[in-house]
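Visitor: I am new to this structure and would like a short tour. Could you show it to me and then take my questions?

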Amino acid sequence: MSRSRACALAIAFALGLPAAQAGAQAAAAAEPAPDAALQAAIGGSWRDPANVARDRYRSPGQTLAFFGIRPDMTVVEITPGGGWYTEILAPYLRDHGRYVAAVVDPQAVDAGPGRDYQQRARAGLEKKLASAPQYGKAEVVAYDPKAPVFGPAGSADLVLTFRNVHNWRMAGQAEGMFKGFFDVLKPGGVLGVVEHRAAADVPADDGSGYVGQAQVIALAEAAGFVLDGSSEVNANPRDTKDHPNGVWTLPPTNRHDEADRGKYQAIGESDRMTLRFVKPPRE
């Protein structure tokens, strides 16, 4: 245990915090802190208030600092969805770096609801990027999930993915995705993964949204990555992981009976692993 973590634990226990909460606060105290530019982006007035309200669950500053982000990096975010992290990353990288949002190519998906969803997702993200000058020269790159390429080989400093691995496992695409991450990164580049954490390994077709931490590590290592660190900054010891509708029972989806709202609001968002992998440098 580091000296800073030990001091933080002592303070937490002196305040009478429960053991789990004390441990989580001590872990957070030992995490790297965001730089001033990153903190400014997190506090940006352009961010959706609903997204800002989730900062306490997603810890963007400490998460990105743990991944080693710098404002001069080329950063590829994989399937950013509605752009929760885009609102932070694109402004942070605007002046000295490069932000690339890698989205599923709708034309690579069979016609029907799946293609319609991907088209709406891409259009919504592009609309967001065009809505404020803070997003600057942010780019959107489309990829085929069956054979993903996220940019020229060895072109990225950092690849980020937030709560996506369960979807790729269910679709049989996880191995190809991790290979794509490895290929686009420079030697010595970093892959940052945040994912809902199961209590143990789960089948690939598990519908809970949770994944075993050892399973994510195995996927990355099979692609050639080396585990470089793990963080508990996104941990939630209140999450029992046995909810009737999986992670979607919890906020922000709240797929539950209204009578149970208080119970699930008290839990908060899911328990999440936060893993940092490195592409080995050339010999």
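**A guided conversation**

Guide: Please note at the outset that this is a predicted model. A search of the whole structure finds 2 cavities of 30 Å³ or more.

Visitor: What volume does the largest cavity have, and which residues line the largest cavity?

Guide: The largest cavity holds about 50 Å³ of space. Its lining consists of R58, T63, Y85, F162, R163, V194, N234 and R272. By class, that lining has 3 nonpolar, 2 polar and 3 charged residues.

Visitor: And what lines the second largest cavity?

Guide: The second largest cavity has a volume of about 40 Å³. It is lined by H166, R169, M170, V202, P203, A204, D206, G209, Y210 and V211. Here the classes are 6 nonpolar, 2 polar and 2 charged.

Visitor: How much space lies in the largest pocket?

Guide: The largest pocket contains about 1200 Å³ of space. It is lined by 45 residues, and the closest to its centre are T79, Y117, R163, N164 and N167. R163 also belongs to the lining of the largest cavity.

Visitor: Which elements supply at least two residues of that pocket's lining?

Guide: They are β1 (74–78), β2 (98–104), α8 (113–129) and α9 (165–170). The largest share comes from α8, with 6 residues.

Visitor: How does the lining of the largest pocket divide by class?

Guide: It divides into 22 nonpolar, 14 polar and 9 charged residues.

Visitor: Let us step back. How many helices and strands does the protein chain have?

Guide: The protein chain has 12 helices and 7 strands. It comprises 283 residues, and buried residues make up 48% of them.

Visitor: Which strands pair with β7?

Guide: Strand β5, residues 185–196, pairs with β7 in the antiparallel sense over 7 bridges. Within that pairing, V193 stands opposite L275. Strand β6 also runs antiparallel to β7, and 5 bridges join the two. There, G229 stands opposite R276.

Visitor: Where is R197 found?

Guide: R197 is found in the loop between β5 and α11 (213–222).

Visitor: Why does R197 count as buried?

Guide: R197 counts as buried because its relative accessibility is 11%, and the cut-off for buried is under 20%.

Visitor: What is R197 in contact with, leaving aside neighbours within four places in sequence?

Guide: R197 is in contact with Y210, V211, Q213, E232, A235, K241, D271, R272 and M273. R197 and H166 are 31 residues apart in sequence, and their C-alpha atoms are 9.9 Å apart in space.

Visitor: Another loop residue, please. Is H256 buried or exposed?

Guide: H256 counts as buried, because its relative accessibility is 17%. It is found in the loop between β6 (226–231) and α12 (261–267). Not counting residues up to four places away in sequence, H256 touches T249, R261 and Y264.

Visitor: Turning to helices, why is α7 described as largely enclosed?

Guide: Helix α7, residues 86–93, is largely enclosed by the rest of the structure because 8 of its 8 residues are buried. They are T86, E87, I88, L89, A90, P91, Y92 and L93.

Visitor: And which residues of α10 are buried?

Guide: In helix α10, residues 174–184, the buried residues are A174, M177, F178, G180, F181, F182 and V184.

Visitor: What covers the buried residues of α10?

Guide: The cover includes β1, β3 (139–143), β4 (156–162), α9, β5 and α11. Among these, β1 and α9 also supply residues to the lining of the largest pocket, while β5 is one of the strands paired with β7.

Conventions. Residues are numbered from 1 along each chain as its sequence is written. This is a predicted model: local features need pLDDT of at least 70, side-chain atom pairs count only at pLDDT 80 or more; totals for chains, interfaces and linings use all residues. Side-chain values use heavy atoms; hydrogens and water are left out. On a 1 Å grid over the protein atoms alone, a cavity is a set of points where a 1.4 Å probe fits but cannot get out, and a pocket is an open set with protein on both sides within 12 Å along at least five of seven lines; lining residues have an atom within 4 Å of a point. Grid points are joined across faces, edges and corners, and a volume is the space filled by probe spheres set on the points. Helices (H or I, at least four residues) and strands (E, at least two) are DSSP runs, numbered from the N terminus. Ala, Val, Leu, Ile, Met, Phe, Trp, Tyr, Cys and Pro count as nonpolar, Asp, Glu, Lys and Arg as charged, and the others, Gly among them, as polar. Buried means under 20% relative accessible area, exposed over 50%, partly exposed in between (1.4 Å probe, protein chains only). Contact means heavy atoms within 4.5 Å. Two strands pair if DSSP finds at least two bridges between them.
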